[in-house]
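Work through the exercises below with the structure open. Each task is followed by a solution in steps.

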Amino acid sequence: MEIKVTLQPHVGKKRVKLGIVDVEHNQWMVYASSDQQPKPQFMGYIGKDEGSPFNGYTTYRDLPANLKREIVAQVEKLVGWKCEAFEPSTAPVPMEAFEPEGDDESEE
Amino acid sequence: MAVDTGHGATITFSSTGGTWLCRQISGPEVALPVVDSTYLGTSTERSKLPGDLDDWGPVTLEILFQGSQGVPARGTVQTITITHPLATGNTTPANLAGTGFINKVVYPTFQTNEMQIGTIEFTYDGTTGPTYTAAS
């Protein structure tokens, strides 16, 4: 699968006295597209300060490892530094979700 | 118009690396102060004016504490982005972003049969944003 990564500046909007203006957030929004999915899909953020980590979104987390490596490699090439990559973890199931076993006390 | 649960929302700190198992992000709150302009000659009701500046309240993250991960540093000003879950049909989720800093962390309480829960509190500093960008 051919992957293409693009960076877009993260720009928000804010209302001021003269109207609505752009607000630059000093980070890139990372998008990836492929030959099968040509529409760029949001993958995460990376700060514009050198050395900033890549913070992947759930769309990135759900990719297979080889595609993640390819995306991070292309991000590194675009920003010009080696970056650590983070992603939202799948949280362990909390203990209260389990029913205790063998606690039934029958009254026979 | 799409409605959704909060599952899948994420929070990122632009210069702080780490993965925290977040199970709740409190809703960011912004309020315009109400200024009491009542004086001795005011008749019938107290009078009030809208304040000049919005004031963003703290945001609290509830995390499943990991001994190997610890907690992030306080006081580092960086871009903090709350990203909403991605709705069907969208390629970019909604987000709220602005500069801010972590101002408080709470280490977990230890109890039998209970998860170790920590909290991280941050505050948007009002220097850049915060701005809300709708999903697209």
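A salt bridge is a side-chain nitrogen of Lys or Arg within 4 Å of a carboxyl oxygen of Asp or Glu. The model used here is predicted.

**Exercise 1. Salt bridges**

Task: state how many salt bridges there are over all chains, then classify the partners in the pairs B:Arg23 and B:Glu62, B:Arg46 and B:Asp36, and A:Glu76 and A:Lys82 as buried, partly exposed or exposed.

Solution. 

Step 1. By this rule, seven salt bridges are counted over all chains.

Step 2. In chain B, B:Arg23 and B:Glu62 join through their side chains at 2.8 Å, N to O. B:Arg23 belongs to strand β2 and B:Glu62 to strand β7 (residues 59–64) of chain B, so the pair ties together parts 39 residues apart in sequence. For the classification, buried means under 20% relative accessible area and exposed over 50%, with partly exposed in between. B:Arg23, with 43%, is therefore partly exposed, and B:Glu62, with 23%, is partly exposed.

Step 3. B:Arg46 and B:Asp36 form a salt bridge whose closest N and O atoms are 2.8 Å apart. This pair links distant parts of the chain: B:Arg46 is in the loop between β4 (34–36) and β5 (48–50) of chain B, while B:Asp36 is in strand β4, 10 residues apart. B:Arg46 is exposed because its relative accessibility is 57%; B:Asp36, with 37%, is partly exposed.

Step 4. In chain A, the side chains of A:Glu76 and A:Lys82 meet at 3.6 Å, N to O. A:Glu76 is buried because its relative accessible area is 16%, whereas A:Lys82 is exposed at 71%.

**Exercise 2. Aromatic rings**

Task: find how B:Phe13 and B:Trp20 are arranged, and which residues form one aromatic cluster.

Solution. 

Step 1. Over all chains, the structure holds nine aromatic pairs. In the pair of B:Phe13 and B:Trp20, the ring centres are 6.4 Å apart and the planes stand at 90°, so the pair is edge-to-face. Both B:Phe13 and B:Trp20 are buried.

Step 2. B:Phe122 and B:Tyr124 also make an edge-to-face pair, with 5.2 Å centre to centre and 85° between the planes. B:Phe122 is buried at 0% relative accessibility, and B:Tyr124 is buried at 4%.

Step 3. One aromatic cluster is formed by B:Phe13, B:Trp20, B:Trp56, B:Phe122 and B:Tyr124.

Step 4. Two lysines in chain A lie over ring faces: A:Lys48 over A:Trp28, at 4.3 Å from the ring centre, and A:Lys68 over A:Tyr60, at 5.8 Å from the ring centre.

**Exercise 3. The interface**

Solution.

Conventions:
Residues numbered from 1 in each chain as written. Chains lettered and ligands numbered in written order. Predicted model: local features only at pLDDT ≥ 70, side-chain atom pairs only at ≥ 80, totals over all residues. Heavy atoms only, no water. Phe/Tyr/Trp six-rings, centres within 6.5 Å; stacked < 30°, edge-to-face > 60°. Buried < 20%, exposed > 50% of the residue type's maximum accessible area, 1.4 Å probe, protein only. Lys NZ or Arg CZ within 6 Å of the ring centre and 35° of its normal. Helix = DSSP H or I, 4+ residues; strand = E, 2+ residues; numbered from the N terminus.
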